[in-house]
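I opened a new page for this structure. My notes follow in the order in which I looked things up.

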Amino acid sequence: MLISEHTHTFIEAVQQYSGDQLKHAADCALLVEAAESHSLQDALADLCFTSKFLHKTFGVMKRIGPLGEGYGKLSEEFESNSLKALALMQTIADTMPADDRRGFTQAYCAVTAPAFEAMMELVHDLSWLKNYSIDTKANA
């Protein structure tokens, strides 16, 4: 998929804002471009919001461990929001050209340990997109 200059500029701004923490900037650009091209901005915004929740929740779960108070409830919320994020990713990916869609879904949506790890890295990146959008609106 051809990525527009607008999307490149946006992802570069998020990359700088994050302190160069984006691990999957090209795939973030792919999601942004697909969402923009097919009027799925609301789905992308929901995905970024859900990603921020997943990233924070995963950190809390790792910190308190499976025996920690509230872990079971967090685990349930994490699972349901992971499924939501995957569905949103798939919705946006379905609008991508076949090769991009295939590569994206294999990398992030497959039911494998490497895909889950990659999805969590992408979730981290998407949480930066959410943080950036919050901060730029607040400063506008």
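I began with helix 5: its buried residues are covered by parts that include helix 2 (25–37), helix 4 (71–93) and helix 6. Contact here means heavy atoms within 4.5 Å. Helices are DSSP runs (H or I, at least four residues), numbered from the N terminus.

I noted the basis of the values. The model is predicted, so local features need pLDDT of at least 70 and side-chain atom pairs count only at pLDDT 80 or more, while totals for chains, interfaces and linings use all residues. Residues are numbered from 1 along each chain as its sequence is written, and side-chain values use heavy atoms, with hydrogens and water left out.

I then looked up which residues of helix 5 (residues 98–108) are buried, and found F104, T105 and Y108. Buried means under 20% relative accessible area, exposed over 50%, and partly exposed in between (1.4 Å probe, protein chains only). Seen down the axis, the buried residues of helix 5 fall within an arc of 95°, so they line one face of the helix. The arc is taken from the directions from the helix axis to the C-beta atoms. D99 and Q106, on the other side of helix 5, are exposed.

Next I turned to the aromatic rings and found seven aromatic pairs. Rings of Phe, Tyr and Trp (its six-membered ring) pair if their centres lie within 6.5 Å; planes under 30 degrees apart count as stacked, over 60 as edge-to-face and the rest as tilted. One of the pairs is Y17 with Y132, edge-to-face, at 5.5 Å centre to centre and 75° between the planes. This pair links distant parts of the chain, with Y17 in helix 1 (residues 5–17) and Y132 in helix 6 (residues 113–138), 115 residues apart. Y17 is partly exposed at 31% relative accessible area, and Y132 is buried at 18%.

Definitions and conventions. Helix = DSSP H or I, 4+ residues; strand = E, 2+ residues; numbered from the N terminus.
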